[in-house]
Amino acid sequence: HITLGDPPAVSYGPPITLSWDYLEYDPLNIDEYEIHHPKRRTLRQMGLNYYQRRSLLLRMTDYTDEELRLAWKRVKKAKQQRYITRHYTSAFPVRLVEGTCQSAMRKVKKTMSGGGKHSGPILI
């Protein structure tokens, strides 16, 4: 079964994903499967454009146009948040600053404690 997805990987419109609901079938012998399985599809054949996704969601689920619009709105918001995060973390190397601060704190604590011989807590 398919359902509305939440990953913002689509370029336009609501995302589609597989739901946790599934149909259980009798086990199939591997040789039987190999004889009858369809030819492998290419990545291009597996991709769905906006119209295909929308059509599938409207035909195979109970989602309304409004729910699809809201899902698309959530996708756009998530994309914007990811862009902001990516922009600020690339402009400001957080890990480098974090490591520098931790190193400075260790040095200050070591200096304040007299080389590790301090008996009480150090407040900075």
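Is Arg 69 buried, partly exposed or exposed, and what is its relative accessible area? Arg 69 is partly exposed, with a relative accessible area of 49%; buried means under 20% relative accessible area, exposed over 50%, and partly exposed in between (1.4 Å probe, protein chains only). The model is predicted, so local features need pLDDT of at least 70 and side-chain atom pairs count only at pLDDT 80 or more, while totals for chains, interfaces and linings use all residues. Residues are numbered from 1 along each chain as its sequence is written, and side-chain values use heavy atoms, with hydrogens and water left out.

**View 1. Overall arrangement of the chain.** The secondary structure comes to 5 helices and 2 strands, where helices (H or I, at least four residues) and strands (E, at least two) are DSSP runs numbered from the N terminus. Along the sequence these elements follow the pattern β-β-α-α-α-α-α. Of the 124 residues of the chain, 15% count as buried.

View 2. A salt bridge is a side-chain nitrogen of Lys or Arg within 4 Å of a carboxyl oxygen of Asp or Glu. By this rule the count comes to 2 salt bridges. In one of them, Arg 54 pairs with Asp 65, with the closest N and O atoms 2.6 Å apart. This pair links distant parts of the chain, as Arg 54 belongs to helix α3 and Asp 65 to helix α4, 11 residues apart. Arg 54 is partly exposed at 29% relative accessibility, and Asp 65 is partly exposed at 33%. Glu 66 and Arg 69 also meet through their side chains in a salt bridge (3.2 Å, N to O). Both residues lie in helix α4, 3 residues apart, about one turn of the helix. Glu 66 counts as partly exposed at 42% relative accessibility.

View 3. Rings of Phe, Tyr and Trp (its six-membered ring) pair if their centres lie within 6.5 Å; planes under 30 degrees apart count as stacked, over 60 as edge-to-face and the rest as tilted. The count by this rule is 4 aromatic pairs. The ring centres of Tyr 12 and Tyr 50 are 5.0 Å apart and their planes stand at 80 degrees, so this pair is edge-to-face. Because Tyr 12 lies in the loop between β1 (2-4) and β2 (16-18) and Tyr 50 in helix α3 (residues 50-60), the pair ties together parts that are 38 residues apart in sequence. Tyr 12 is partly exposed, at 44% relative accessibility. The rings of Tyr 50 and Tyr 51 also have centres 5.0 Å apart, with planes at 70 degrees, so the pair is edge-to-face. Tyr 51 counts as exposed, at 64% relative accessibility. Ring pairs link Tyr 12, Tyr 50, Tyr 51 and Trp 72 into a cluster.

**View 4. Lys 76 and the ring of Trp 72.** The charged end of Lys 76 sits over the Trp 72 ring, 4.8 Å from its centre. A charge sits over a ring if NZ of Lys or CZ of Arg is within 6 Å of the ring centre and within 35 degrees of the ring normal.

**View 5. Arg 74 and Asp 6.** Arg 74 is located in helix α4 (residues 65-91) and is exposed at 51% relative accessibility. Arg 74 and Asp 6 are 68 residues apart in sequence and 7.8 Å apart in space, C-alpha to C-alpha.
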